[in-house]
Amino acid sequence: FRGHIVNTASMAGLLNSPNMGDYNVTKHAVVSLSETLYQDLSLVTEQVHAHVLCPYFVPTAIHQSERNRPSAMQDAGTKPTKSQLIARAMSDKAVTSGKMTAAQVAQFVFDAMDEGRFYVFSHPKSLAGVQMRMEDILNQRNPSDPFAARPEIAQQLRAAFRDG
């Protein structure tokens, strides 16, 4: 018997985008769990392999996940915070702007399994941010500005958080 375990995290499991703390920490946990599982499996078998999928922006309905809440929880009577509203708008824009299809990402997973690759990325160019984060850690620098290349986004976010 031969098998593969594929856990889906996100690029948020390797990066730390602002205003996404709860999402980031859960995705980091999935990456860590998957890396540990990979190591554990390698100690006990050559028949089962672990992989972690870290997609970037793929136009799925993930940004509308509230649709899956039980009906009793649909309106819990709590009004979203300013931070939650901003995060929702950012997520909606990012997810819907994705050009990669879920079917293409699935093919990347099958390719990684065939090639014995643990990490599966939908957008390899996004690894530049991971490299910058790792260099910050290795060089004991404070976290780099994730918006250095797009300062207008940082300005918009600061304005949204500080105004109103």
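How far apart are the end C-alpha atoms of helix α1, and what span should its 24 residues have? The points below take this up and then move on to the sheet and the charged pairs.

1. **Helix α1.** This is a predicted model. Helix α1 covers residues 21–44. At 1.5 Å a residue, its 24 residues should span 34 Å. The end C-alpha atoms lie 35 Å apart, which agrees with that expectation.

2. **The buried side of the helix.** Which residues of α1 are buried? They are N24, K27, V31, S34 and L41. These buried residues pack against two strands, β1 (3–8) and β2 (48–54).

3. **The sheet.** Three strands form an open sheet. Their order is β1-β2-β3, and the pairing is parallel. β1 and β3 (119–121) are the edge strands, since each pairs on one side only. Neighbouring strands are turned by 30 degrees against each other on average, direction ignored. As background, strands of a sheet pair through backbone hydrogen bonds, either parallel or antiparallel.

4. **The pairing of β2 and β3.** Over how many bridges do β2 and β3 pair? The number is three, in the parallel sense. Look at C54 for an example: its bridge partner in β3 is F121.

5. **Charged pairs.** Side chains of opposite charge can pair when their charged atoms come close. In this model the count comes to three salt bridges. The next points take them in turn.

6. **E115 and R117.** These two residues form a salt bridge, with the closest N and O atoms 2.8 Å apart. Is E115 buried or exposed? E115 has 54% relative accessibility, so it counts as exposed, because the cut-off for exposed is over 50%. R117 counts as partly exposed because its relative accessibility is 35%.

7. **R141 and D136.** Here the closest N and O atoms of the salt bridge are 2.7 Å apart. D136 has a relative accessible area of 5%, so it is buried; the limit for buried is under 20%. R141 has a relative accessible area of 41% and is therefore partly exposed.

8. **R150 and E152.** The side chains of R150 and E152 also meet in a salt bridge, at 2.8 Å from N to O. R150 is partly exposed, with a relative accessible area of 47%. E152 counts as partly exposed too, at 34% relative accessibility.

Technical notes
Residues numbered from 1 in each chain as written. Predicted model: local features only at pLDDT ≥ 70, side-chain atom pairs only at ≥ 80, totals over all residues. Heavy atoms only, no water. Helix = DSSP H or I, 4+ residues; strand = E, 2+ residues; numbered from the N terminus. Expected span 1.5 Å × (residues − 1). Buried < 20%, exposed > 50% of the residue type's maximum accessible area, 1.4 Å probe, protein only. Contact = heavy atoms within 4.5 Å. Pairing = 2+ DSSP bridges. Axes fitted to C-alpha atoms, helices over the stretch in contact; angles between N-to-C directions. Salt bridge = Lys/Arg side-chain N within 4 Å of Asp/Glu carboxyl O.
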